[in-house]
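Subject: Structure and notes

Hello,

Here is the structure we talked about.

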Amino acid sequence: MNIFRFAGDLSHVFAIIILLLKIWKTRSCAGISGKSQILFAVVYLTRYLDLFTTYVSLYNSVMKVLFLATSGATVYLMYVKFKATYDHNHDSFRIEFLLIPCALLSLVINHDFTVMEVLWTFSIYLESVAILPQLFLVSKTGEAESITSHYLFALGSYRALYLLNWVYRYMVESHYDLIAIFAGVVQTILYCDFFYLYITKVLKGKKLQLPA
């Protein structure tokens, strides 16, 4: 644990809270990609299967339970409780184009060819691209609500902070994980245009618009 990882975890939790509050308070899923939320749920399910078999720390266990519970709650709100407000037409990204390559890559490039390790690797690869359906939705509709923009910024900040965590761990502990670092770099790159627009528009009170 270090300040960058802790700040990244807080940013991640903050992003989830923003999303859930947005859906619950507005009673609407407008502007939110259900497909991205399904992908994130798959990420947590495949990554945290060791919840009841491997104990690291109370903090670690609490965070695992939190991410599993909130991702399940988000999917429930979008596909059950507020299903009528979900924009199926614009949320049309083909997620099989992400799931299949990530699955194949995890079988080929991993640290150890065991079920748990392959699933963990799959979750790392999938998380790096899970936001694509959301960015595709924003691009297709042409703009995003401020609250949705805040959610995306917090989520992108989480991954950027985790990259700093890997740099810190390498410098202090001489520890590094090339798979996690590569996936983190890819994920951060995907957010670059969004970060620029968020800083130049949203923080100045303007609507965020992505090129269609």
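Predicted model: local features only at pLDDT ≥ 70, side-chain atom pairs only at ≥ 80, totals over all residues.

Start with helix H4, which runs over residues 96–108. It has 13 residues and spans 18 Å from its first C-alpha to its last, close to the 18 Å expected at 1.5 Å a residue. Its buried residues are Leu-98, Cys-102 and Ser-106. These lie on the same side of H4, because they cover an arc of only 50° around the axis. The cover over them includes helix H2 (34–47), helix H5 (115–129) and helix H6 (132–141). On the other side of H4, the exposed residues are Phe-97, Ile-100, Leu-104 and Val-108.

Next, look at helix H1 (residues 3–26) and helix H3 (residues 58–81). Their axes come within 11 Å and cross at roughly 25°. Angles under 35 degrees count as roughly parallel, so H1 and H3 are roughly parallel to each other. Their crossing is left-handed. Residues of H1 that meet H3 include Phe-6, Val-13, Ile-16 and Leu-20. On the H3 side, the residues involved include Met-63, Leu-66, Phe-67 and Leu-77.

Last, find Asn-165 in helix H7 (residues 146–173). Is Asn-165 buried or exposed? Its relative accessible area is 3%, so Asn-165 is buried. Leaving aside neighbours within four places in sequence, Asn-165 is in contact with Asn-2, Phe-4 and Arg-5.

Regards

How values were computed:
Residues numbered from 1 in each chain as written. Heavy atoms only, no water. Helix = DSSP H or I, 4+ residues; strand = E, 2+ residues; numbered from the N terminus. Expected span 1.5 Å × (residues − 1). Buried < 20%, exposed > 50% of the residue type's maximum accessible area, 1.4 Å probe, protein only. Arc of directions from axis to C-beta. Contact = heavy atoms within 4.5 Å. Axes fitted to C-alpha atoms, helices over the stretch in contact; angles between N-to-C directions. Parallel < 35°, antiparallel > 145°, perpendicular 65-115°, else oblique. Left-handed = near helix turned anticlockwise from the far one by under 90°.
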